[in-house]
Amino acid sequence: MEQTQKYPELTWTKNEYHQLQLALDALKNIRNRECRRHMMDEHLDPHTRDILDEVISMLSDELDYDPTPNEPGEPPITAAEMHAAAWKEHQDMHR
């Protein structure tokens with residue numbers, strides 16, 4: 001018989017992303033325990049397991065999000081280049 005694991009008490013003194021990571025780890029542990037059980041001994045019904053998998057996927061995507069674009073974009077323009085272009089446009093408008 002497997003022994004139940006006591007999850008750490010949630011203390012709200014840490015960063016909220018850290019708390020989400022703890023929750024994600026707990027959900028992954030639940031899924032792993034459920035996957036090791038025989039089909040007739042499973043605690044969760046298939047619909048609940050599907051929801052659990054979806055929540056784990058969504059949380060993982062959110063916590064592993066990298067805001068850096070994957071494609072190299074246009075190089076940033078400096079303030080001097082921006083002002084030079086604006087001045088040139090201004091002069092062209094008054095000719």
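**View 1. Buried residues of H1.** Gln19, Leu24, Ala26, Arg33 and Glu34 are the buried residues of H1 (buried: under 20% relative accessible area; exposed: over 50%; partly exposed in between; 1.4 Å probe, protein chains only). H2 is included in what covers them (contact: heavy atoms within 4.5 Å). This is a predicted model: local features need pLDDT of at least 70, side-chain atom pairs count only at pLDDT 80 or more, and totals for chains, interfaces and linings use all residues. Residues are numbered from 1 along each chain as its sequence is written, and side-chain values use heavy atoms, with hydrogens and water left out.

**View 2. The span of H1.** H1 has 21 residues (helices: DSSP runs of H or I, at least four residues; strands: E, at least two; numbered from the N terminus). From first C-alpha to last, H1 reaches 31 Å, close to the expected 30 Å (1.5 Å times one less than the number of residues).

**View 3. The N-terminal cap of H1.** Asparagine 15 caps this end. A side-chain oxygen of asparagine 15 lies 2.6 Å from the backbone nitrogen of tyrosine 17.

**View 4. Arginine 37 in its loop.** Arginine 37 lies between helix H1 (16-36) and helix H2 (46-63). Arginine 37 counts as buried because its relative accessibility is 18%. Its side chain joins that of glutamate 34 in a polar contact of 2.6 Å (N or O atoms within 3.5 Å; within protein, one able to donate a hydrogen and the other to accept it; residues adjacent in sequence count only if both atoms are side-chain atoms). Glutamate 34 is itself one of the buried residues of H1.
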